[in-house]
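Here is a short tour in questions and answers.

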Amino acid sequence: MAAPQELADLVARVALGDRQAFRRLYDATAPSLLGVALRLLRDRGRAEDVIQEAFVSVWHRAGGFRASASAPMTWLTAIVRNRALDTLRSDARHDADPLVDDEDEDEDAAIEIKDDRPEPLGLLTQAADALAVRACLETIDGSQRQCLALAYYHGLTHAEMAAHLGSPIGSVKMWLRRGLEKLRRCLERAK
């Protein structure tokens, strides 16, 4: 994978409409991001759809990326993760929806179209939250921080983290629990 600075440069060029930079960004990050989507969705076709939607969003929202607020891979992973979670929520909602007439569904779809871009105040809040989380994560020791990253960014289960780290599952659970507690306390102090 490319270095964070190289990815940040590519995102900046994408914000200017550079298609070659977009392609390079995709090539450098899509395999890792597909892994995130696959872990959450457990279906390759749906995960690939999420990656496509996420990169369309990246193309349109690259101008909102701030390297001072988060690392490029963190930003990209959050977009993919949110898209995957939206897909899971949508599936759950559609499973619960009663059958509707196709004509009614088309009318509802036209009404529900909304702009999903965050407002300026929302961007400021996101940036402040990202900085607070980043600062708090830096205070957490290596094993705990690594477990938090594997759980959040990669969607790994306790067993998968234990296998990945080559550590007992009990240790992984303890690291994750203690890391979450430290993160919670740090974020409460930051407010």
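Q: Is Ser-70 buried or exposed?
A: The model is predicted, so local features need pLDDT of at least 70, side-chain atom pairs count only at pLDDT 80 or more, and totals for chains, interfaces and linings use all residues. Residues are numbered from 1 along each chain as its sequence is written, and side-chain values use heavy atoms, leaving out hydrogens and water. Buried means under 20% relative accessible area, exposed over 50%, and partly exposed in between (1.4 Å probe, protein chains only). Ser-70 has 12% relative accessibility, so Ser-70 counts as buried.

Q: Where does Ser-70 lie, and which residues does Ser-70 touch?
A: Ser-70 sits in the loop between helix 3 (44–61) and helix 4 (72–96). Helices (H or I, at least four residues) and strands (E, at least two) are DSSP runs, numbered from the N terminus. Contact means heavy atoms within 4.5 Å. Not counting residues up to four places away in sequence, Ser-70 touches Phe-65, Trp-75 and Arg-134.

Q: How many helices and strands are in the chain?
A: From the N terminus on, the elements run α-α-α-α-α-α-α-α-α. The count is nine helices and zero strands.

Q: Which residues form a disulfide?
A: A disulfide is a pair of cysteine sulfur atoms within 2.5 Å. A search of the whole structure finds one. The sulfur atoms of this pair are 2.1 Å apart, and the residues are Cys-136 and Cys-186.

Q: Which parts of the chain does the pair link?
A: The pair links distant parts of the chain, 50 residues apart. Cys-136 is buried at 2% relative accessibility, and Cys-186 is buried at 11%. Cys-136 belongs to helix 6 (residues 120–138), Cys-186 to helix 9 (residues 169–190).

Q: Why is the disulfide of Cys-136 and Cys-186 left-handed?
A: Look at the torsion about the S-S bond. The disulfide is left-handed because this torsion is about -80°.

Q: What separates the C-alpha atoms of Leu-137 and Leu-187?
A: Leu-137 is found in helix 6 and is buried, with a relative accessible area of 18%. Leu-137 touches Arg-145, Leu-148 and Leu-183, not counting residues up to four places away in sequence. Leu-137 and Leu-187 are 50 residues apart along the chain, and their C-alpha atoms are separated by 9.7 Å.

Q: Which residues touch the most other members of the largest nonpolar core?
A: A nonpolar core is a set of buried Ala, Val, Leu, Ile, Met, Phe, Trp, Tyr and Cys residues joined through side-chain atoms within 4.5 Å. The largest has 28 residues, and those touching the most other members are Leu-25 and Val-80.

Q: Which helix gives the largest share of this core?
A: The elements giving two or more residues to this core are helix 1 (4–15), helix 2 (19–41), helix 3 and helix 4. Eight residues make up the largest share, and they come from helix 2.

Q: Which residues does the second, separate core include?
A: This core has 13 residues. Cys-147 is buried, with a relative accessible area of 0%. The second core includes Cys-147, Leu-148, Leu-156 and Val-172.

Q: Why are the buried residues of helix 9 on the same side?
A: The buried residues in helix 9 are Val-172, Leu-176, Gly-179, Leu-183 and Cys-186. The arc is that of the directions from the helix axis to the C-beta atoms. They lie on the same side of helix 9 because they cover an arc of only 100°.

Q: Which residues are exposed on the other side of helix 9?
A: The buried side includes Leu-176 and Leu-183. On the other side, the exposed residues are Arg-177 and Arg-189.

Q: Which residues is Gln-144 in contact with?
A: Gln-144 lies in helix 7 (residues 142–154). Gln-144 is buried, with a relative accessible area of 5%. Leaving aside neighbours within four places in sequence, Gln-144 is in contact with Trp-175, Arg-178, Gly-179 and Lys-182.

Q: What is phi of Arg-42?
A: Arg-42 is found in the loop between helix 2 and helix 3. Arg-42 is exposed, with a relative accessible area of 57%. Phi is positive in this residue other than glycine, near 55°.
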